[in-house]
Amino acid sequence: MTPEPTAAYTLHTALDGITPGQVQGFFVDWPNPPAPDTFLRLLRGSYRVVLAVHDGQVIGFVQAVSDGVLTAYIPLLEVLPEWQGRGVGRALMTRMRDELRHLYAVDLGCDDNLVPYYEALGMRRGNLMSTRNYARQDGSLPE
């Protein structure tokens with residue numbers, strides 16, 4: 001798919017040619033962040049992905065997992081700290097919602113402080129139940 005220009009970056013919906021060196025700097029403040037090669041594996045396993053790319057570096061991404069029939073879940077939306085506040089996250093989410101428009105339900109979970117952000121993008125508050133195993137947060141393969 002041809003990238004679409006947006007300000008100083010382009011949005012891509014394919015991972016063609018993306019290397020671990022281009023997906024660094026994410027997962028700020030995570031105690032056990034995935035390594036870039038693990039992160040790229042995560043993106044490749046997604047149902048849909050949208051990347052914001054500037055000068056060959058990924059500056060933001062959003063991913064969706066889905067059954068491809070009725071539902072999708074958006075587990076991660078991240079923008080590098082130096083690009084936050086410039087509309088990159090909004091552009092990524094807008095494009096992802098367009099990519100998923102054929103589905104019945106698109107859900108995501110977020111911290112309370114992010115609810116207004118997602119509401120401004122047209123999403124509604126709901127409930128989410130979850131468990132976390134922080135020892136597995138880096139995405140490494142089980143031994």
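Let's start with L70, which sits in the loop between β4 and β5 (71-79). Helices (H or I, at least four residues) and strands (E, at least two) are DSSP runs, numbered from the N terminus. A word on the source: this is a predicted model, where local features need pLDDT of at least 70, side-chain atom pairs count only at pLDDT 80 or more, and totals for chains, interfaces and linings use all residues. Residues are numbered from 1 along each chain as its sequence is written, and side-chain values use heavy atoms, with hydrogens and water left out.

Back to L70. The cut-offs are under 20% for buried, over 50% for exposed, and partly exposed in between (1.4 Å probe, protein chains only). Not counting residues up to four places away in sequence, L70 touches L103, Y104 and A105. Contact here means heavy atoms within 4.5 Å. The C-alpha atoms of L70 and V106 are 8.7 Å apart, and the two residues are separated by 36 residues along the chain.

Now Y104. Y104 is in the loop between α2 (88-99) and β6 (105-107). Y104 counts as exposed because its relative accessible area is 70%.

Second stop: the aromatic rings. How many aromatic pairs does the structure hold? There are eight. Rings of Phe, Tyr and Trp (its six-membered ring) pair if their centres lie within 6.5 Å; planes under 30 degrees apart count as stacked, over 60 as edge-to-face and the rest as tilted. Take F27 and W30: their ring centres are 4.6 Å apart and their planes are at 65 degrees, so this pair is edge-to-face. F27 is buried, at 4% relative accessible area. W30 is partly exposed, at 28%. F27 also pairs with F39: centres 5.0 Å apart, planes at 85 degrees, so edge-to-face. This pair links distant parts of the chain, 12 residues apart: F27 is in the loop between β2 (9-12) and α1 (36-44), and F39 is in helix α1. Both F27 and F39 are buried. Ring pairs join F26, F27, W30, F39 and F61 into a cluster.

Last stop: Q63, in strand β4 (residues 57-66). Q63 counts as buried because its relative accessibility is 5%. Leaving aside neighbours within four places in sequence, its contacts include L42, R48, Y73 and M96.

That's the tour. Over to you.
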